[in-house]
Amino acid sequence: MKKRAFTLVELLVVVAIIALLVGLLLPALAKAQQTAKTVKDSNQIKQIHTAMVGRANESKGKMPTPGLINRLSYNGQQIPGEGEEDFAQNKTQNLYSACVAQQLFNTDILIGATEVNQVVKPYTNYNYAAYRPATDVYWDPNMKAKIDAAPGADECHTSYAHQILCGLRKSQHWRNNLDSTRPHFATRGVKNGVVTGDDYEQSPTLRLHGPGKTWEGNVCFGDTHMEFVETFRPDGVFYECGTFNGGNLTKDNLFQCGGTTPAEFTGNGCVDVNATNAPQPWAGGDAMLGIHPNTPTKWIAIPVYDRRDDQ
């Protein structure tokens, strides 16, 4: 009996059906791949925080703080572990570099699985030999966190925002206090936590986890639990600010701080004060997550943000 071959029409029908199935499956596969990257990103942030909490358990509860690692001179001498805190050291690159130097984690874990900014690159040649406390060197100083740099002009060796290390935020909350309401690390956010205008719509952070039109991200809290959130003011994250709003709890914008433009709060009891009792709105007691390469003070640490896509 002679075998019957497929006709051209039948082959075209089969090809059309396969093409249709591929068209239906590709969006689902792309979504699954994006979800897997978001989960991986969440795990990385959690590992970073867990490593720092582990270190805090060995350091009287204090999370790694560059200014307490590389301190000011003590009686005219640089003695490891002695002397007053050098607040000027509390920069993002120093925080992460100090942790890598002490082998709490490697540099690759600092780059998010969903990273899109060309400025953010892995630091592949970390100089572990630079860690020499006897010579007053505690980390590789060439590790950077210049997130607002133009592509090719500078680099940022981390994807993640952290609690700004100054004022009430640092002294009260940068600890292993297992606070399930206190954010410590997160996907970095839009400049000043705004939700309108070009600073929002043109921000590369909208493409890290979201569809490109709205921000979404991972947040790690003091008790190391992770949450995937779709707002800068997640449920359960509040601040209380003295006489402002009658002292009531108010939902906290993770990427906005005290000040005047924009501001979550102003007035007495809402900000730290310096030695002359002058208000320091950048050092308020709210969450305030970010990345900052600039030299901070005891009260002020101004974060920087991704350059907009149109800059």
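In this predicted model, H162 stands opposite F185 in strand 2, and this pair belongs to the antiparallel pairing of strand 1 (residues 160–163) with strand 2 (residues 183–187), which extends over three bridges. Strand 1 also pairs in the antiparallel sense with strand 9 (residues 289–290), here over two bridges, and in that pairing Q163 stands opposite L289.

Strands of a sheet pair through backbone hydrogen bonds, in either a parallel or an antiparallel arrangement.

| Strands | Bridges | Opposite residues |
| Strand 2 and strand 3 | three | A186 and V219 |
| Strand 1 and strand 2 | three | H162 and F185 |
| Strand 1 and strand 9 | two | Q163 and L289 |

Why can strand 3 (residues 217–221) be called largely enclosed by the rest of the structure? The reason is that five of its five residues are buried, where buried means a relative accessible area under 20%. Both faces of strand 3 are covered, with G217, V219 and F221 buried on one side and N218 and C220 buried on the other. The hairpin that strand 3 forms with strand 4 has four residues between the strands, and T224 takes a positive phi near 70° there.

**The chain as a whole**

The chain contains five helices and nine strands, and from the N terminus on its elements run α-α-α-β-α-β-α-β-β-β-β-β-β-β. Of its 311 residues, 45% are buried. When contacts between residues at least 6 apart in sequence are considered, 62% of them join residues at least 24 apart.

P66 lies in helix 2 (residues 66–69) and counts as buried because its relative accessible area is 1%. Leaving out residues up to four places away in sequence, P66 touches Q89, N90, K91, N94, L95, W139 and L165. The C-alpha atoms of P66 and T92 are 9.0 Å apart in space, although the two residues are 26 residues apart in sequence.

Helix 3 (residues 92–101) is largely enclosed by the rest of the structure, because 10 of its 10 residues are buried. After helix 3 comes Q103, whose phi is positive, near 60°.

Further along, I109 is placed in the loop between helix 3 and strand 1, and this residue counts as buried because its relative accessible area is 11%. Its contacts, apart from neighbours within four places in sequence, are Q44, Q47, I48 and Y160. The C-alpha atoms of I109 and N43 are separated by 9.5 Å, while the residues themselves are 66 residues apart along the chain.

Which side chains make polar contacts with the side chain of D306? One is that of N117, at 2.9 Å, and another is that of R188, at 2.6 Å. Beyond four places in sequence, D306 touches N117, I147, R188, P204 and T205.

**The largest pocket**

The largest pocket holds about 420 Å³ of space. It is lined by 17 residues, of which R55, S59, L68, I69 and R71 are the closest to its centre. By class, its lining has nine nonpolar, four polar and four charged residues.

How values were computed: Residues are numbered from 1 along each chain as its sequence is written. This is a predicted model: local features need pLDDT of at least 70, side-chain atom pairs count only at pLDDT 80 or more; totals for chains, interfaces and linings use all residues. Side-chain values use heavy atoms; hydrogens and water are left out. Two strands pair if DSSP finds at least two bridges between them. A polar contact is a pair of N or O atoms within 3.5 Å; within protein, one must be able to donate a hydrogen and the other to accept it, and residues adjacent in sequence count only if both atoms are side-chain atoms. Contact means heavy atoms within 4.5 Å. On a 1 Å grid over the protein atoms alone, a cavity is a set of points where a 1.4 Å probe fits but cannot get out, and a pocket is an open set with protein on both sides within 12 Å along at least five of seven lines; lining residues have an atom within 4 Å of a point. Grid points are joined across faces, edges and corners, and a volume is the space filled by probe spheres set on the points. Ala, Val, Leu, Ile, Met, Phe, Trp, Tyr, Cys and Pro count as nonpolar, Asp, Glu, Lys and Arg as charged, and the others, Gly among them, as polar. Buried means under 20% relative accessible area, exposed over 50%, partly exposed in between (1.4 Å probe, protein chains only).
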